[in-house]
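Here's a quick briefing to read with the model open beside you.

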Amino acid sequence: MIVVIQCAAGKQRHAGHLRTPEGRDVMFVAQPDAAPPQRSHAWARPDDLADGRRSWRTILQEYNAAPGSNPLGLLPAWQLYTNPAYEMLGERYAPDRLYVLSAGWGLVRADYLTPNYDITFSNARNVEPFKRRGHRERYSDFRLPSGIAEPIVFFGGRDYIPLFCRLTANAEGSRTVFYAGSEPGAPGCTLRRFGKPFTNWQYQCARAFLDGRLRCDP
């Protein structure tokens with residue numbers, strides 16, 4: 001089985017950053033041109049050009065592919081977020097069986113070294129507009145590897161379900177989407193309701209799943 005959980009706004013304070021050629025930390029957001037000026041770091045989108053020929057996404061791929069000591073201090077995806085649910089899942093599932101659905105990077109394997117970022121699909125009032133990614137915006141998101149025939153379960157809000165469906169469309173096995181409240185659209189997936197909607201319900205849902213209190217069979 002493969003478990004996918006959506007990303008979160010809360011990141012570890014010691015999370016590392018990619019850096020510009022001049023040595024400035026990069027903070028990835030959805031709309032860099034609308035972000036307030038900062039001296040401490042540079043704003044960028046993951047698919048912006050970093051050095052005139054390579055995107056930041058390509059640089060991140062090269063960083064993960066190159067053996068080394070992780071000089072930038074990037075954290076594996078399962079350790080990047082502050083909510084303990086990610087650590088609980090990371091302790092239960094092997095890295096190739098756990099993914100984070102990131103609004104900035106796409107479907108990220110648990111052990112993938114991931115830089116700090118602040119991109120979301122949320123329309124909550126407390127979310128600054130330059131951090132919001134629209135569903136129609138084009139990103140070169142990481143996708144599910146081909147040939148995956150195992151069942152997949154997803155814990156995440158309805159704003160993330162369209163991206164999950166798109167990035168796992170090549171899955172050969174079943175896909176189960178847990179949701180709260182009214183039934184969402186999730187073509188090709190089995191839906192399992194988890195009560196009424198409340199803030200960050202997906203973490204309680206994931207814990208209930210780990211405890212064996214939820215079923216996901218077709």
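**Helices on the sheet**

Helix H3 (residues 84–92) lies across strands E1 (2–6) and E5, and its direction is at about 170 degrees to that of E1. Helices here are DSSP runs of H or I with at least four residues, strands are runs of E with at least two, and both are numbered from the N terminus. Angles run from 0 to 180 degrees between N-to-C directions, with axes fitted to C-alpha atoms, for helices over the stretch in contact. Helix H5 (residues 201–210) packs on the sheet too, touching E1, strand E8 (152–155) and strand E9 (175–179); H5 and E8 make about 145 degrees.

This is a predicted model, with local features needing pLDDT of at least 70 and side-chain atom pairs counted only at pLDDT 80 or more, while totals for chains, interfaces and linings use all residues. Residues are numbered from 1 along each chain as its sequence is written, and side-chain values use heavy atoms, leaving out hydrogens and water.

**The sheet**

- Six strands make up an open, mixed sheet, and the order is E6-E5-E1-E8-E9-E10 (strands pair if DSSP finds at least two bridges between them).
- E6 (106–109) and E10 (190–193) are the edge strands, each with a single partner, so one side of each has no neighbour in the sheet.
- From one strand to the next, the twist averages 25 degrees.
- E5 (residues 98–102) and E6 run antiparallel and are joined by four bridges.
- Follow tyrosine 99 across to E6 and you'll find its bridge partner, arginine 109.

**Threonine 114**

- Threonine 114 sits in strand E7 (residues 113–114).
- With 2% relative accessibility, threonine 114 is buried (under 20% relative accessible area is buried, over 50% exposed and in between partly exposed, using a 1.4 Å probe and protein chains only).
- Its side chain comes to 2.8 Å from the backbone oxygen of tyrosine 112.
- Setting aside neighbours within four places in sequence, the contacts of threonine 114 (heavy atoms within 4.5 Å) include Leu74, Leu75, Trp105 and Val108.

**Two asparagines with positive phi**

- Most residues other than glycine have a negative phi.
- Asparagine 70, though, has a positive phi of about 55 degrees; look for it in the loop between helix H1 (56–65) and strand E4 (75–76).
- Asparagine 70 is partly exposed, at 23% relative accessibility.
- Asparagine 200 also has a positive phi, near 55 degrees, and belongs to the loop between E10 and H5.
- The relative accessible area of asparagine 200 is 41%, so this residue counts as partly exposed.

Key. A polar contact is a pair of N or O atoms within 3.5 Å; within protein, one must be able to donate a hydrogen and the other to accept it, and residues adjacent in sequence count only if both atoms are side-chain atoms.
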